[in-house]
Amino acid sequence: IRWTRDGGWENGDLLPYGPISLDPAASVLHYGQEIFEGLKAYRHEDGSIWSFRPQANAERLQRSARRLALPELPTDDFVESIKVLVDADQDWVPDYGTGETSLYLRPFMIASEAFLGVRPANEATYYVIASPAGAYFSGGIKPVSLWLSTDYARAGDGGTGAAKCGGNYASSLAGQVQAAEYGCDQVVFLDSSTHTYIEELGGMNLFFVYRDGRLVTPQLTGTILEGITRSSILQLGSEMGLTVEERRIPIQEWKDGVASGEIAEVFACGTAAVVTPVGTLKWDGGECTVSTEPGEATMKIRETLLDLQYGKTADTRGWMQRLV
Ligand code: PMP
């Protein structure tokens with residue numbers, strides 16, 4: 001769907017997948033004015049196709065748009081764009097009962113005006129592409145290892161951290177490379193100003209389950225992505241009787257909590273991996289392992305979410321939206 005400052009949003013087109021052509025001066029290529037979303041389409045037993053809280057993705061895309069000086073796509077148009085694509089790509093949505101498989105949807109918006117001055121573009125283009133997604137864990141769920149990055153932060157205070165924009169991911173790639181060099185699966189970032197407080201992973205939010213029944217996650221600081229899985233888990237956690245806390249969590253609390261046994265489980269969450277148990281945290285000079293097996297609360301939250309998404313339990317919260 002094309003947008004111009006004078007004319008607003010035009011009607012969209014449904015096109016076969018293929019390369020897009022851009023003017024070499026398109027401002028996205030120079031100043032990174034780009035935002036995106038990620039969500040999934042799930043097949044239910046009766047063949048119908050659903051997505052999980054797409055309005056929340058639409059609203060997050062609008063917040064990202066405001067931060068990146070891009071136009072806001074109305075929620076109805078966002079949901080309609082997903083419906084139109086999934087309807088056309090129905091055959092690509094994996095069958096019900098084929099494990100945690102889905103059709104991953106990637107809406108994104110770029111500044112497509114050709115000019116080289118530094119200012120917000122007067123033309124933007126919004127796209128949605130799709131790709132079938134297999135289970136994140138093939139061959140059993142096992143806790144992942146994390147590298148604690150002290151050299152890099154995902155986003156600076158006052159920067160674009162909370163926006164889902166390409167630049168945030170570009171800035172986290174060096175941290176991912178470092179994590180791999182230290183033999184870890186993912187990187188965990190701290191706040192950029194004090195390097196003291198836990199923020200999130202390169203593509204997931206973090207949660208801690210305390211033995212006394214607390215479920216704790218870093219509070220949103222403006223540099224943490226407002227995960228839709230995160231907000232859903234905060235609600236599910238309190239419904240399960242856990243005491244939920246959103247607050248600043250010093251990294252030392254993780255190390256001490258594992259040593260004392262107060263922290264029983266650590267997990268990461270996001271659309272792609274749903275809920276992923278975390279085992280080991282490694283840093284320059286040490287490491288600690290909370291558990292070598294997925295925790296009980298972690299797996300319960302994981303199953304609750306998956307059962308909802310695949311329509312195995314009734315949606316009493318109005319989170320599921322039928323697409324086809
Ligand atoms: N943090 C980051 C940096 C992410 O890229 C993602 C994935 N969108 C998340 C957290 C999790 O967000 P969500 O639950 O909306 O997928």
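Start with the place where two helices touch: P54, Q55, A58, E59 and L61 in α2 meet T75, F78, V79 and I82 in α3. Being in contact here means that the C-beta atoms, placed from the backbone, lie within 7 Å. The residues of this contact divide into 6 nonpolar, 2 polar and 1 charged. For these classes, Ala, Val, Leu, Ile, Met, Phe, Trp, Tyr, Cys and Pro count as nonpolar, Asp, Glu, Lys and Arg as charged, and the others, Gly among them, as polar.

Before going on, keep in mind that this is a predicted model: local features need pLDDT of at least 70, side-chain atom pairs count only at pLDDT 80 or more, and totals for chains, interfaces and linings use all residues. Residues are numbered from 1 along each chain as its sequence is written.

How do you describe two packed helices? You give the angle between their axes and the distance between the axes. Helix α2 (residues 54–67) and helix α3 (residues 75–88) pack at about 125 degrees, with axes 9 Å apart. The axes are lines fitted to C-alpha atoms, for helices over the stretch in contact, and angles run from 0 to 180 degrees between N-to-C directions. So α2 and α3 are oblique to each other; angles under 35 degrees count as roughly parallel, over 145 as roughly antiparallel, 65 to 115 as roughly perpendicular and the rest as oblique.

Now hop over to α5 and helix α7 (residues 296–309), which pack at about 115 degrees with their axes 11 Å apart. That angle is why α5 and α7 are roughly perpendicular to each other. Here S232, I233, L236 and G237 in α5 meet I301, T304 and L305 in α7. By class, that contact has 4 nonpolar, 3 polar and no charged residues.

Helix α5 (residues 228–239) also gives the most to the shell around the ligand, with 3 residues. The residues surrounding the ligand include G227, I228, T229 and R230, where near means a C-beta atom, placed from the backbone, within 6 Å. The shell has 3 nonpolar, 7 polar and 2 charged residues.

Finally, zoom out. The protein chain has 7 helices and 17 strands; helices (H or I, at least four residues) and strands (E, at least two) are DSSP runs, numbered from the N terminus. Its C-alpha trace spans about 60 × 50 × 30 Å along the principal axes.
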